[in-house]
Amino acid sequence: ASLERRVAADVAARLRGLGFAGAPLHVDIQPKLKPALIRAGRTREARARRATTPGFSNPRAKTDAEGRWSLTPEALAMELAKRWAGKRVIDATCGVGGNAIAFARAGCDVVAIDLHASRLELAQANAHAYQVASRIQFVHGDALKLLPDLEADVVFVDPPWGTTWDRAHSRMEDLPLLEPLMQTIPAATAWVAKVPPSF
């Protein structure tokens, strides 16, 4: 690709230390970037990923400690949701509701499931803040037990990764909830999983 130098520095910083399909990524930029540009790119990347970065743009939205680092950035959640606009969606691990809210904002009817009542309460409050609560049915429970009895066009799964995921190579066994959830989804139903870039 032909990129302006600042953009190339940002791409290199974003891909630094990551793997794809089990192999480490290697970024080769020609002509070589000056060290100051590389440092600036890494600084921008670190700031964008710091734990205090809010995942919601709505100032009334609430989150918890886990949500501060696990929440899908709102722009990314909206981009994904647009692909399923108007469909019936199950968010099997909704957390504080970022993806469920994005699906609802895209016109989807959503069933949002979470095992933790406190996180589900935050998701409900956030859905009210975004004025989409009427499009989301919140269910407290275990998605592994609930999914076989629910119908949807697509099941969205954002299994917990934790903060220490392997940036170079992560596997199915590193996301213990993903495979069992996939096995409970009916064969005719589409599913989408948010996984680490190194998956």
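# Salt bridges, burial and overall form

User: How many salt bridges does a search of the whole structure find?

Analyst: A search of the whole structure finds nine salt bridges. A salt bridge here is a side-chain nitrogen of Lys or Arg within 4 Å of a carboxyl oxygen of Asp or Glu. The model is predicted: local features need pLDDT of at least 70, side-chain atom pairs count only at pLDDT 80 or more, and totals for chains, interfaces and linings use all residues. Residues are numbered from 1 along each chain as its sequence is written, and side-chain values use heavy atoms, with hydrogens and water left out.

User: What makes R105 and E74 a salt bridge?

Analyst: The closest N and O atoms of R105 and E74 are 3.0 Å apart, and the limit is 4 Å, so the pair qualifies. R105 lies in helix 5 (residues 98–105) and E74 in helix 4 (residues 74–82), so the bridge ties together parts 31 residues apart in sequence. Helices (H or I, at least four residues) and strands (E, at least two) are DSSP runs, numbered from the N terminus.

User: Why is E74 called buried, and what is R105 called?

Analyst: Buried means under 20% relative accessible area, exposed over 50%, and partly exposed in between, with a 1.4 Å probe and protein chains only. E74 has 17%, so it is buried. R105 has 38%, so it is partly exposed.

User: How do you know that D158 and K194 form a salt bridge?

Analyst: Their closest N and O atoms are 3.3 Å apart, which is set against the 4 Å limit. The pair links distant parts of the chain, 36 residues apart: D158 is in the loop between strand 6 (154–157) and helix 8 (178–184), and K194 is in the segment after strand 7. Strand 7 covers 190–193.

User: What makes the link between the side chains of K194 and D158 a polar contact too?

Analyst: A polar contact is a pair of N or O atoms within 3.5 Å; within protein, one must be able to donate a hydrogen and the other to accept it, and residues adjacent in sequence count only if both atoms are side-chain atoms. The side chains of K194 and D158 are joined at 3.3 Å.

User: Are D158 and K194 buried or exposed?

Analyst: D158 has 15% relative accessibility, so it counts as buried. K194 has 18% and is therefore buried as well. Leaving out residues up to four places away in sequence, K194 touches S70, L71, T72, F156, V157, D158, P159 and W161. Touching is contact, meaning heavy atoms within 4.5 Å.

User: Why are D174 and R171 called partly exposed?

Analyst: D174 has 32% relative accessibility, so it counts as partly exposed. R171, at 34%, is placed in that class too. D174 and R171 form a salt bridge, with the closest N and O atoms 3.5 Å apart.

User: Which residues are linked in a network of salt bridges?

Analyst: D64, E66 and R119 are linked in such a network.

User: What makes the protein as compact as a globular protein of that length?

Analyst: The protein has eight helices and seven strands. Its radius of gyration is 18 Å, close to the 16 Å that the globule rule gives for 199 residues, so the protein is as compact as a globular protein of that length. The radius is taken over C-alpha atoms, and the rule is 2.2 Å times the number of residues to the power 0.38. Buried residues make up 39% of the 199 residues.
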